[in-house]
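User: Please take me through this structure in short questions and answers.

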Amino acid sequence: MNYLSVEQLAKSYNEQPLFNDLTFGISQGQKVALVGKNGCGKSTLLKIIGGLEVADSGKVVFRKGIKVGYLAQNPEFNRHDTIRDHIFNHDNELLSTVSAYEQFFESPNPDMSGKQYEQLANKMEALNAWDFESQVKQILGKLGIHDLEMYVDELSGGQKKRVAMAAVLVEKPDFLILDEPTNHLDIEIIEWLEKYLSTQAMSLLLVTHDRYFLEGVTNEIIELEDQTLYFYKGNYSYYLEKKSERKSMEAAEVSKAKNLLVKELDWLRRMPKARGTKAKYRIDAAHELMEVAAKDLHTDSLTLKIRTKRQGKKILELHHLSKAYDELRLLQDFSYTFTRKDRVGIVGKNGIGKTTLLNAITGATALDGGEVVLGETTQIGYYKQEELVCAPGTRVIDVVREVAEVVTLNDGATITAAQFLNHFLFPHAMHQTPVEKLSGGEKRRLQLLRVLIDAPNFLILDEPTNDLDILTMNVLEDYLANFEGSLIIVSHDRYFMDKLTEHLFVYKAPGEIEDFPGNYSDYKNHLDQQEKENTISRKNKEKNNEKPAIAAKIEDKRKLSYKEKKELESLEVEIADLESTKKSIIAKMNKGSENHEELMTWAAQIEDLSTQLEHKEMRWLELSEMG
């Protein structure tokens, strides 16, 4: 069942085409990611599909009767709204009823009579809103939204993103459009969102640079490249494999076209009299060969090693750092000595103190206590989350030349600022472009480049991956992999952290920092193992607490009755059958279905089977202990 049809869509800005004649569709239950370079038109395409912008030509059609949700990359709010106002400000009777019910219990109105409450409860019953209320509570809780009476204007960027996310999810849309949903979210919430979206029956169209998120959520990738769409029916791993095959085939086609073009051009030069009507097909074919042979197959990668200032024995030392804001202590007697080529990742929830630590290291924040000791040869480059601000009319090349005209490489060779721009995916045609005309991701990339070109030997990167496309991130990762200095990274991108860090500063709580030996996946596995051990320990404790009661039963009746023996035998068969049925339904869900009602039925069946299995396994354990 088709939920979305996009037909012959075109959009240009200042006579510069973003895309032309785009056509595709998305079916019920399909989860699609749109990928491509910064500035290729991904966000614009989502805005057109979501009804926020108008295309130059073409049309967007949603299936009649479905509910569509849209999360913008930078959501907008009414500054006078509370969180409750924003989340429940929908023309939706179910949501408004749940909001009124919740508000009554959070701040009871003394003027509200018992009869009015009864009417509200009856309305909840009539709308079958009790389960929905539970789901809304779960979504808000997982997103860390508790005080609904706070004003949106008082929130941080990460908090605003979570509120906007909640407002979209509680609507329970049939089709959800997400533009960079993981930006400004901490890793714990990203992992919950990934699991939530992958288990919902909704259709999904998203733009994200988070590769683990793409791998876990999507079942199709659409790549927008050179105003053309390429379709890959699989997740991110499949996309990488098939794109590599496509590029190899294109390279072979270009090579073949170049060889044929040499022959055709020779024919055209030698046979001027043959350029008549009968040979027109051959002339046209030669022009087609020219187009194929001229195709740009440049693969963007970076193997540059910039010469950095030599690091001495002392790099950076942190001695007993302390910092508090009123009662909130973000640093508590923290000490660490950095070594050469140290690669540290910092993880923790938003607002827990990660950026405070970075600002303390760079001197941007005054400490309450402790000391930061910088080595004599240590030169810090600090990439902050704030967007690059330039005077109107400032060109891309000007931003880089303000720092350096020439960059020296490790082998002593030099490259110009313009050449360095080319390596970071700013082709020569963009060098004269005013900064204000760049996309959000392109501005971030330029800001990052400005830090790197100064050749620091100690890099501090605070959320460097926000708004960057996957290709840019690959280039940045290659650069940082060759970086000879020390590195501190704060990032919610798990893949990025895995690839570049060797140990972590983990914020367990404000002011409580653990030094963990390993990357993020190592840490996550460590947490999973701890949780598994805690679960086993808890179950063993529960079982030990049950033993006296079971022992008492055995004392009273050491042998099973005939009826109980039959029940035990029957339970073994029933448990096996239930497990087999559950496994088969899960397999069906993993394959997907275009029938929304069928998906919902399967989900309900799995929940029911899990409950039955739990009860029967407990009864089997009780009888087996007696027998």
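**Helix packing and side chains**

Analyst: The model is predicted. From helix H6, Arg162, Met165 and Leu169 meet Ile189, Trp192, Leu193 and Tyr196 of helix H7.

User: Are H6 and H7 roughly parallel or roughly antiparallel?

Analyst: H6 covers residues 157-169 and H7 covers residues 187-199; their axes come within 13 Å and cross at roughly 15°. Angles under 35 degrees count as roughly parallel. Therefore H6 is, relative to H7, roughly parallel.

User: Is the crossing of H6 and H7 left-handed or right-handed?

Analyst: The axes of these helices cross at roughly 15°. The handedness of the H6 and H7 crossing is left-handed.

User: Which residues of H11 are buried?

Analyst: H11 spans residues 354-362 and is mostly covered, with 7 of its 9 residues buried. Just after H11, glycine 363 has a positive phi of about 85°. The buried residues of H11 are Lys354, Thr356, Leu357, Leu358, Asn359, Ala360 and Ile361.

User: Is arginine 444 buried or exposed?

Analyst: Arginine 444 is placed in helix H14, residues 440-452. The cut-off for buried is under 20% relative accessible area. Arginine 444 has 8% relative accessibility, so it counts as buried.

User: How far apart in space are arginine 444 and aspartate 467, C-alpha to C-alpha?

Analyst: Leaving out residues up to four places away in sequence, arginine 444 touches Tyr383, Lys384, Gln385, Glu386, Glu387, Asn466, Asp467 and Leu468. Aspartate 467 is 23 residues from arginine 444 in sequence, and their C-alpha to C-alpha separation in space is 7.0 Å.

User: What kind of aromatic pair do phenylalanine 338 and phenylalanine 505 form?

Analyst: The count of aromatic pairs comes to 14. For phenylalanine 338 and phenylalanine 505, the ring centres are 6.4 Å apart and the planes are at 65°. Planes over 60 degrees apart count as edge-to-face. So the pair is edge-to-face.

User: How many residues apart in sequence are the parts that phenylalanine 338 and phenylalanine 505 tie together?

Analyst: Both phenylalanine 338 and phenylalanine 505 are buried. Phenylalanine 338 lies in strand E11 (residues 328-338) and phenylalanine 505 in strand E19 (residues 503-509), so the parts they tie together are 167 residues apart in sequence.

User: Which residues form one aromatic cluster?

Analyst: Phenylalanine 338 and phenylalanine 505 both belong to it. The cluster consists of Phe334, Tyr336, Phe338, Phe458 and Phe505.

User: Over which ring does the charged end of lysine 323 sit?

Analyst: Arginine 445 lies over the face of phenylalanine 426, at 4.6 Å from the ring centre. For lysine 323, the charged end is 4.9 Å from the centre of the ring of tyrosine 325.

Methods:
Residues are numbered from 1 along each chain as its sequence is written. This is a predicted model: local features need pLDDT of at least 70, side-chain atom pairs count only at pLDDT 80 or more; totals for chains, interfaces and linings use all residues. Side-chain values use heavy atoms; hydrogens and water are left out. Rings of Phe, Tyr and Trp (its six-membered ring) pair if their centres lie within 6.5 Å; planes under 30 degrees apart count as stacked, over 60 as edge-to-face and the rest as tilted. Helices (H or I, at least four residues) and strands (E, at least two) are DSSP runs, numbered from the N terminus. Buried means under 20% relative accessible area, exposed over 50%, partly exposed in between (1.4 Å probe, protein chains only). A charge sits over a ring if NZ of Lys or CZ of Arg is within 6 Å of the ring centre and within 35 degrees of the ring normal. Contact means heavy atoms within 4.5 Å. Axes are lines fitted to C-alpha atoms, for helices over the stretch in contact, and angles run from 0 to 180 degrees between N-to-C directions. Angles under 35 degrees count as roughly parallel, over 145 as roughly antiparallel, 65 to 115 as roughly perpendicular and the rest as oblique. A crossing is left-handed if the near helix is turned anticlockwise from the far one by less than a right angle, and right-handed if clockwise.
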